[in-house]
Every structure is written in C-alpha cells, then in structure tokens.
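Let us read a protein structure together, feature by feature.

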Amino acid sequence: MRAVYSCLLLVIYNSHLTFLKPTNPCTLGRIKAPDSTCIDEDECFGDIALLLCGYNTDCHNTEGSYYCTCKAGYFHPIKQHNFTDGRGCKDEDECNGTAAQSTCGNNTDCHNTEGSYYCTCKAGYFHPSKQCNFTDGRGCKDVDECEHGHQCSANM
C-alpha cells in the first residue's frame with residue numbers, strides 16, 4: 001500500500017516504514033543541473049508547450065513557471081489574456097456583425113480566414129492603394145466611371 005504525503009512517499013512494506021526522498025530536491029519549476037544547483041526548467045521547450053497551452057498559442061517561460069497567450073487572430077474561450085489551463089485558443093471572427101465595418105472600412109466586404117481576415121471592395125468601389133485584398137481599414141472609394149473612359153451623360 002502506498003500513499004503520497006507532502007512530497008515524501010510513504011511506503012508500508014512488511015510492517016516497516018521507509019521514507020523515500022523525492023529525486024528532484026529543487027522547488028517546483030526548477031530542475032537540478034549537472035553541478036547540483038537548481039536552475040529554471042523551461043516548461044515551454046519543445047513539444048510540451050502544445051500540451052501545456054493548447055492549439056494556436058504561444059508559451060512563455062518565466063522563472064519557475066510559465067504562461068500562455070493566444071496567437072494573433074485567436075482568443076481564449078473565457079477571454080483570459082494570460083492563462084495556464086491548456087484550453088488553447090479559437091479563431092477570432094473579425095468579420096462578425098458590426099465589427100466587419102470598423103475592421104475593413106466603408107464600402108467593403110470582410111472575409112474571415114483561420115487566424116486572420118482580409119477585405120475586398122464592393123462592386124463599383126476601389127481601394128486607395130488599388131489592392132484587391134487589404135487589411136488596413138481605410139475602406140473603399142466610389143469609382144468615377146466618367147473619369148475612367150466610360151461614356152457618360154451630363155446626368156451621371
């Protein structure tokens with residue numbers, strides 16, 4: 001029968017009590033170096049970061065600990081900026097509802113993509129930089145068909 005009690009493992013075997021010391025004498029978040037000193041353990045090193053933080057995240061090592069943040073274009077399910085719950089982050093729909101108008105500007109269509117978005121001009125409008133896809137929020141301006149070689153009457 002075994003029981004864990006305050007970092008010591010108590011082993012009861014044939015009516016003899018034996019206390020085993022933990023193999024890592026360092027505090028939580030630190031590991032024993034070859035020279036027997038305790039150094040910071042990088043919890044974010046390698047593939048372990050995905051297990052600790054979840055998908056679409058960045059893992060940040062700190063002295064004795066770590067925390068996670070969402071990559072740009074993603075959000076944490078309970079809207080935490082720094083977290084350690086391993087839930088990962090979900091795509092933020094920048095084009096959802098009224099946010100699309102402020103995201104892209106006037107006379108535009110907003111297109112959500114995984115982790116990002118892009119904007120296009122509605123028919124009859126153009127972007128000041130003449131780009132087809134943009135994210136600068138400047139919106140689109142009306143095309144003056146008369147100025148671009150179209151036959152225009154005095155009423156246009």
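Q: Is Lys79 buried or exposed?
A: Buried means under 20% relative accessible area, exposed over 50%, and partly exposed in between (1.4 Å probe, protein chains only). With a relative accessible area of 66%, Lys79 is exposed. The model is predicted, so local features need a pLDDT of at least 70 and side-chain atom pairs count only at pLDDT 80 or more, while totals for chains, interfaces and linings use all residues. Residues are numbered from 1 along each chain as its sequence is written, and side-chain values use heavy atoms, leaving out hydrogens and water.

Q: Where is Lys79 placed?
A: Helices (H or I, at least four residues) and strands (E, at least two) are DSSP runs, numbered from the N terminus. Lys79 belongs to the loop between strand S8 (74-75) and strand S9 (90-91).

Q: Over which ring does the charged end of Lys79 sit?
A: A charge sits over a ring if NZ of Lys or CZ of Arg is within 6 Å of the ring centre and within 35 degrees of the ring normal. The charged end of Lys79 sits over the ring of Phe75, 4.0 Å from its centre.

Q: What is the phi of Lys79?
A: Most residues other than glycine have a negative phi. Lys79, although not a glycine, has a positive phi of about 60°. Asn107 also has a positive phi, near 60°; Asn107 lies in the loop between helix H2 (99-104) and strand S10 (108-113) and is partly exposed, with a relative accessible area of 27%.

Q: What pLDDT does the protein chain average?
A: pLDDT is the predictor's confidence in each residue, from 0 to 100. The protein chain averages 80, and 76% of the residues score at least 70.
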